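Hi everyone, thanks for coming. Let me put today's protein up on the screen, and then we can walk through it together.

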Amino acid sequence: MHRIRQVVQHFSAPAVPLPRSPLSCEEVSAGAVKEVGGAKGSKYGAITPSFVASLKATLPSPAEQLFWRHAPEDKEVALEELEMVSMDRSHHSAGAPELVVYASCTEDIARVLPLCSAHRVPVTTRTTGTGLEGGSIPSHGGVVLSLFRMNKILDFNEEELMVTVQPAVRKSTLNKWLAKKGFFFPVDPGSDAGLGGYTSTGASGTLSVK
Ligand SMILES: Cc1cc2nc3c(=O)[nH]c(=O)nc-3n(C[C@H](O)[C@H](O)[C@H](O)COP(=O)(O)OP(=O)(O)OC[C@H]3O[C@@H](n4cnc5c(N)ncnc54)[C@H](O)[C@@H]3O)c2cc1C
């Protein structure tokens, strides 16, 4: 586990200040949240056009990053994207997400989460969706925050045997890269998944001890 932690990027506060969202969390809580609200009795907020507009305004490339079930344009593309993130490799039934956001960096995650939190919109995070327990199935609908595009190896400190990666770097990719330097990453749970998923599920396997 310690070794897995070593190779996964820490989602710490970004060093650079984030661009300000058009709606601060306080503003959303005070005003805009009144216009959302899920089904009667639901503890979750609904995804409304104004929520989607706020989300789009915070993202650097919304056209490539955000797909909404009820988008007036490119509905087919959105539905395909949503289908892909509605299940994992478990036997559990697929969920019905309303919207998927592809984060490309830590800052994107920090843009999406406060808004969802302020609107009480459920968020399901996923990396490569190979989990066997249904953890990445959006069983409450809402937003899927996909980290699938965060697939860069960021840093390697040979002295400290520390490699820093984004969550969707797969085991095979990391091992190909490390092999050139004479190293390998031993955790091998049988799925060639993202290191973020390995960490989150506490993945192990035959070549390592938890
Ligand atoms: C054929 C096969 C064999 C397997 N054998 C083993 C085995 O022997 N031992 C073992 O331990 N496991 C085994 N697994 C399970 C394996 O560990 C998981 O598939 C893998 O860890 C999930 O990674 P993922 O990136 O696909 O995660 P996902 O499926 O995307 O997500 C899994 C969970 O982690 C959360 N999550 C994902 N990424 C992040 C992140 N960056 N930050 C916060 N939360 C996150 C999700 O919300 C979800 O709850 C096996 C899986 C398969 C398909």
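Predicted model: local features only at pLDDT ≥ 70, side-chain atom pairs only at ≥ 80, totals over all residues.

To find Thr48, look in the loop between helix 2, residues 25-30, and helix 3, residues 49-58. Around Thr48 there are 16 other C-beta atoms within 10 Å. A residue needs 20 or more to count as buried and 12 or fewer to count as exposed, so Thr48 comes out as partly exposed.

Now, Thr48 also takes us to another part of the chain. His119 is 71 residues apart from Thr48 in sequence, and in space the two are 10.0 Å apart, C-alpha to C-alpha.

His119 belongs to helix 6, so let's go there next. Helix 6 covers residues 106-119, which is 14 residues. From its first C-alpha to its last it reaches 21 Å, close to the 20 Å expected at 1.5 Å a residue. Which of its residues are buried? They are Thr106, Asp108, Arg111, Val112, Leu115, Cys116, Ala118 and His119. As a reminder, an α-helix has 3.6 residues a turn, so residues three or four places apart point the same way.

On to the ligand. How many residues surround it? There are 28, and the closest are Gly131, Gly135, Gly190, Gly196 and Gly197. Two elements give two or more residues to this shell: strand 3, residues 123-126, and helix 8, residues 195-201. Helix 8 gives the most, with 5 residues. By class, the shell has 7 nonpolar, 18 polar and 3 charged residues.

And where does the ligand sit relative to the domains? Domain 1, made of 5-13 + 151-201, and domain 2, 25-146, both give residues to the shell, so the ligand lies between them.

Let's zoom out. The protein has 210 residues, of which 36% count as buried. Its secondary structure comes to 8 helices and 6 strands. Looking at contacts with a separation of 6 or more, 57% are between residues 24 or more positions apart.

Finally, a word on confidence. The mean pLDDT is 84, and 80% of the residues reach 70 or more. Over residues 1-37, though, pLDDT stays under 50. For that stretch the model has 60 contacts beyond four places in sequence.

Key
Residues numbered from 1 in each chain as written. Near = placed C-beta within 6 Å. Helix = DSSP H or I, 4+ residues; strand = E, 2+ residues; numbered from the N terminus. Nonpolar A, V, L, I, M, F, W, Y, C, P; charged D, E, K, R; others polar. Domains from an automatic or database assignment. Expected span 1.5 Å × (residues − 1). pLDDT = per-residue confidence, 0-100. Contact = placed C-beta atoms within 7 Å.
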